[in-house]
Amino acid sequence: MHMQWLWQNPGPMWQWAGLTATLAGAVSSLAAFVAAWMARGQAKRAYQAAVRLTRVTEITDLTAELLELEILVAHQNIRATTAKANHLRGRIARFLADAYDDLSEKEREELSLAREQLGKVPSIAAGRKQSDNKLADISIAIGAVSVSLGLVAGRRAAANREDRGSGD
Amino acid sequence: MATDFRQGINYGPVIAALLRKSLEGKIDWRETAEDEAYLASVRGEMTFEISRRGDACELIAKDQRGRTVFRVDEPFILPHAYWTPLDQHEADQTGDEPVSTLGHLHTVARRVAMRVDERLTSSLRLIEGL
């Protein structure tokens, strides 16, 4: 009955056909957009993984350097500690620039704070305090660096697990 | 608009913004190995260090590569020449001299970095437990 009415009145039939085609077009556009979005996400994760693979410095390198720095402090070797602190400061600055886009705002903040704290070591070492007091001050600065690098390392490990979990 | 380099640099807006954001709890000040010196990083792009030596407060701003962008100092207590009538009125009422903006920033940075509020609460709990 209904179809018969439609055949007898072709105007509304063409309108319905147009509407149906429009809706189908919209649905297929949405599906294409979702597929493109997902592909973009996968491409981005693949790119980030490739960048991480080719990066010269990794956060684990920095934490290993920090451990060596802590050993030098334990040996009470102020000159070697200062040299190592300067070296680590340079490596953090390089890592920060190298991994900038891959790091969150909080991670960048922690790394720049770690770098600033390490920058205090030479001035403490050159200060007028007695060796024991200098070592105590250096330990405080390195403790702060340890907290910051530990936080970034934890976040990086979580991000890597997330990447592996996503199947890339 | 071209900068008129004959004019002195106006650090006021940056210091005021740092103070405002610190008061809002949006800047995470940290302790350093030096007494009375506190560090904060803003979005990992600039670091600010506020320190106090005697009566002088100093603010150092560094860029991402650790280069000093500017350094500004101010006495902790606002010099009398800069007092407003309101400062004068408050000093007359309370007997306390007004603190400069950098002095105020140092006080807030110290409060955040040393976790003064948390420690006050735990001290109170300790004392009440006696």
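Let's start where the two chains of this predicted model meet: the contact draws 14 residues from chain B and 19 residues from chain A. On the chain B side, three strands, β1 (30-31), β2 (37-42) and β3 (46-53), each supply at least two residues. The residues on that side of chain B divide into two nonpolar, six polar and six charged.

Now follow those strands along chain B. β1(B) and β2(B) pair in the antiparallel sense over two bridges, and B:Glu31 stands opposite B:Tyr38 in β2(B). These two strands form a hairpin with five residues between them, and in its turn B:Glu36 has a positive phi of about 60°. Moving on, β2(B) and β3(B) also run antiparallel, joined by six bridges. Here B:Ser41 stands opposite B:Thr47 in β3(B). This hairpin has three residues between its strands, with B:Arg43 in the turn showing a positive phi of about 55°.

Next, turn to chain A and look at two of its helices. Two packed helices are described by the angle between their axes and the distance between the axes. For helix α4 (residues 78-98) and helix α5 (residues 105-126) of chain A, the angle is about 155° and the axes are 9 Å apart. Because angles over 145 degrees count as roughly antiparallel, α4(A) is roughly antiparallel to α5(A). The crossing of α4(A) past α5(A) is left-handed. Residues making this contact include A:Ala85, A:Ile92 and A:Leu96 of α4(A), and A:Leu111, A:Leu118 and A:Val121 of α5(A). The contact's residues divide into 12 nonpolar, five polar and three charged.

Key: Residues numbered from 1 in each chain as written. Chains lettered and ligands numbered in written order. Predicted model: local features only at pLDDT ≥ 70, side-chain atom pairs only at ≥ 80, totals over all residues. Axes fitted to C-alpha atoms, helices over the stretch in contact; angles between N-to-C directions. Helix = DSSP H or I, 4+ residues; strand = E, 2+ residues; numbered from the N terminus. Parallel < 35°, antiparallel > 145°, perpendicular 65-115°, else oblique. Left-handed = near helix turned anticlockwise from the far one by under 90°. Contact = placed C-beta atoms within 7 Å. Nonpolar A, V, L, I, M, F, W, Y, C, P; charged D, E, K, R; others polar. Pairing = 2+ DSSP bridges.
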